[in-house]
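Trainee: I have a model open and would like to walk through it. Can we start with the terms?

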Amino acid sequence: MELNEIRALAEKIILRPGDLIIDTFTNSKGFLMFRRRHNDMIKDDMYLWQVNWFSHNRKLIYTNIDFYEEESLKISIAMGTVEWHPASGGNNDQMECI
């Protein structure tokens, strides 16, 4: 999949508080808690998601971060490195399945 296709797919993703995400490398699971605006000197405005992790793979030293930059998280979902399960109980209708 080309980068432009990944970006187009990522634009269709609508994240909401309560959505479940799963890190496919560590199998860690967490809920998106809230989104906050952050001013960055280079990117200007960006949005960060607070993640409440509740399950970690204890065998790996990797620790999941508590805040994800929204666009990076969406790209990770589009690429498949993060699984996304909307809190609405839907089946990811906002995003085409790959």
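Mentor: Two strands pair if DSSP finds at least two bridges between them. Helices (H or I, at least four residues) and strands (E, at least two) are DSSP runs, numbered from the N terminus.
Mentor: This is a predicted model, where local features need pLDDT of at least 70 and side-chain atom pairs count only at pLDDT 80 or more, while totals for chains, interfaces and linings use all residues. Residues are numbered from 1 along each chain as its sequence is written, and side-chain values use heavy atoms, with hydrogens and water left out.

Trainee: OK. What is the bridge partner of D23 in β5?
Mentor: V82. Strand β1 (residues 20-23) and β5 run antiparallel, joined by 4 bridges.

Trainee: And along β5, which side chains are buried?
Mentor: V82 and W84, which point to one face of the strand (residues 82-85). Buried means under 20% relative accessible area, exposed over 50%, partly exposed in between (1.4 Å probe, protein chains only). In a regular strand the side chains alternate between the two faces of the sheet.

Trainee: Different topic. Where is N27?
Mentor: In the loop between β1 and β2 (29-40). The phi of N27 is near 60°, a positive value in a residue other than glycine. Most residues other than glycine have a negative phi.

Trainee: Why does N27 count as partly exposed?
Mentor: Because its relative accessibility is 44%.

Trainee: Overall, how many helices and strands are in the protein?
Mentor: 2 helices and 5 strands. From the N terminus the order is α-β-β-β-β-α-β. Of the 98 residues, 35% count as buried.
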